[in-house]
Each structure stands twice: as C-alpha cells, then as structure tokens.
Amino acid sequence: MVHFADSLTFSGRKVLAAWASLPFPAFPGSSLPDTLSAHQQDVPWKLLSSWREQKVSCCFAQSVVLRGVCKERPSSSPGQQQPWTPLHRESPKLLLQQYLHSHFPGAFSTAHVLQQPCDTQPPFPQFFSPLLTRQGFLQDKALAPSSAGPNRDVQSIPVLAALQAWPGLHQLLSGLCQDLRVRNVRRCSSFFTAGVEQEDFQEALEELRTLAQCYETGFGAGESEDEADSD
C-alpha cells in the first residue's frame, strides 16, 4: 500500500482520500456506458472519511477500481434498453478511463475493471436497501419488497472504489494543524514522557502545515495564509 500511495502522490503530497460506491448504482440489464452516462453531472462515489464531504470537481491523481459491472448485459426490460452507440464497442477499462478524464481533465488517472462482484454473503453485514436485487443492482421502487427492514438476500454487489490526491485534503490537514496549535500540550505530561520533545512537536506541526499547502489549488490560498499568520 505504501508503494501504491507513492505512485499517486507527488509534489510533496503524501496523503490520499478514500472514496467508494457500495453498491455501485447500476440497474439490471444496463450496460457500463449507460450507467456511466447517467452520472455525467457528478461522480457516483462518496467520501469515506468523517470529514465533511465536498463536491469533487478536480484532483491531482487517482486510482479507481470498478468490479461487478460488465461491458454489456442483456436487457431484461426492453423499454429500458438504451440506443446502441460507439461507446458500447469499447472495453470496460477504456470506458472508465474516458469517464475519469472527462471529469478530471489533466489529472493522472488509472482505471481497473474486474468482472467479479464483491461477495456479500454472511458474515458480511446485511444492511442493504430493499431496492437492491440479489446481485446488488438497483430495481424500481414499485418492484422492491414492501418491508422497511434491511435486505438480507443480497449475495453480491457491484463496487467502485477510488483513492485520490484531492484538493479537499488541504482543509482537512489545515484543520488538524490548527486544532493542534490551540491545544496546550504542556499540560499533557504523558505526551512528553513518551519521548516527544517540544521542539519536535513544533517541527511536526510545521511539516503538517507545509503538507497541507501542497494540496492548495490557488482558490482560498490567501485565506489560509491569513489563518496561519493569526496563529
């Protein structure tokens, strides 16, 4: 994992944000081009960190893995079948790569597509919505079970996961640095009895501040400097 993270971090960056779509929002019978085209306005994955989420509009580098969604599936509902386009002739990996480039132009992006879905049979937690089929695909509300409880019949799901060197990490790291600055660590005797010196602590704070600046994109940079000067 360390070597993998190194391949996505450069220009002084060392931290990545984890995102996931579990399950990936695909309908039975839909092809990968149809599924991706339904999410042209916003990417279909969410931030896994407890940090408040922001809209993903850009990133520096990313690696995305999609599994369990084939290039093409025979449509079980002819009325939902989408018109054939040249994209349906492309490989799933190339389709995902083109999708990433359209949303994050200029970013270093790698894409991987696996046919095998994620197995969710016990002991995997059964917390899925009744709107999912046994294979983890979305179904119409009118066809879903009426029970309000979790769906315990889901055996597998399509999943998308991503690691990103993301500009939003600037605020996360800056916030962590500011929280540490306002604390009086001298009152925490166990902190320094563990072998941490005051100078080492201040040096680590400065390194954290420098790391946060590596994720700036130019927007709000002046505000960040003002906050740092006030400290």
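Visitor: Is Ser-156 buried or exposed?
Guide: In this predicted model, Ser-156 counts as buried, because its relative accessibility is 14% and the cut-off for buried is under 20%.

Visitor: Which strand is Ser-156 found in?
Guide: Ser-156 belongs to strand E6, residues 156-157.

Visitor: And what does Ser-156 touch, not counting residues up to four places away in sequence?
Guide: On that count, Ser-156 touches Pro-117, Cys-118, Asp-119 and Thr-120, along with Arg-134, Gln-135 and Gly-136.

Visitor: Where does Asp-153 lie?
Guide: Asp-153 is in the loop between strand E5 (118-119) and E6. Its relative accessibility is 49%, so Asp-153 counts as partly exposed.

Visitor: Which residues is Asp-153 in contact with, leaving aside neighbours within four places in sequence?
Guide: Gln-126 and Arg-134. Asp-153 and Gln-126 are 27 residues apart along the chain, and their C-alpha atoms are separated by 8.2 Å. Arg-134 is also on the list of residues that Ser-156 touches.

Visitor: Switching to the sheet. What is the strand order?
Guide: The order is E2-E1-E7-E3-E4, five strands in an open sheet with mixed pairing. At the edges are strand E2 (46-47) and strand E4 (108-114), each of which pairs on one side only.

Visitor: Which helix packs on the sheet?
Guide: Helix H3, residues 92-103, packs there and touches strand E3 (61-67) and E4. The direction of H3 makes about 145° with that of E4.

Visitor: How many bridges pair E1 with E7?
Guide: Five, in the antiparallel sense, between strand E1 (residues 17-21) and strand E7 (residues 159-165). Ala-17 stands opposite Gln-164 in E7, and the bridge partner of Ala-18 in E7 is Leu-163.

Visitor: And how many bridges join E1 to E2?
Guide: Two, and these strands also run antiparallel. Ala-20 of that pairing stands opposite Lys-46 in E2.

Visitor: Why is E1 described as largely enclosed?
Guide: Because four of the five residues of E1 are buried, the strand is largely enclosed by the rest of the structure.

Visitor: New topic. How many aromatic pairs does a search of the whole structure find?
Guide: Five. One of them is Phe-124 with Phe-128: the ring centres are 6.0 Å apart and the planes are at 10°, so the pair is stacked.

Visitor: Where is the cut-off for stacked?
Guide: Planes under 30 degrees apart count as stacked.

Visitor: What is the accessibility of Phe-124 and of Phe-128?
Guide: Phe-124 has 24% relative accessibility and therefore counts as partly exposed. Phe-128 is buried, with a relative accessible area of 4%.

Visitor: Which residues do ring pairs link into a cluster?
Guide: Phe-124, Phe-127 and Phe-128.

Visitor: What lies over the face of Phe-60?
Guide: Arg-13 does, at 3.6 Å from the ring centre.

Visitor: Last one, helix H4. What span should H4 have, and how far apart are its end C-alpha atoms?
Guide: H4 covers residues 169-182, which is 14 residues, and at 1.5 Å a residue it should span 20 Å. The end C-alpha atoms are 20 Å apart, so the two agree.

Visitor: Which residues of H4 are buried?
Guide: Leu-169, His-170, Leu-173, Ser-174, Gly-175 and Cys-177 are the buried residues of H4.

Terms used: Residues are numbered from 1 along each chain as its sequence is written. This is a predicted model: local features need pLDDT of at least 70, side-chain atom pairs count only at pLDDT 80 or more; totals for chains, interfaces and linings use all residues. Side-chain values use heavy atoms; hydrogens and water are left out. The expected span of a helix is 1.5 Å times one less than its number of residues. Buried means under 20% relative accessible area, exposed over 50%, partly exposed in between (1.4 Å probe, protein chains only). Rings of Phe, Tyr and Trp (its six-membered ring) pair if their centres lie within 6.5 Å; planes under 30 degrees apart count as stacked, over 60 as edge-to-face and the rest as tilted. A charge sits over a ring if NZ of Lys or CZ of Arg is within 6 Å of the ring centre and within 35 degrees of the ring normal. Two strands pair if DSSP finds at least two bridges between them. Contact means heavy atoms within 4.5 Å. Axes are lines fitted to C-alpha atoms, for helices over the stretch in contact, and angles run from 0 to 180 degrees between N-to-C directions.
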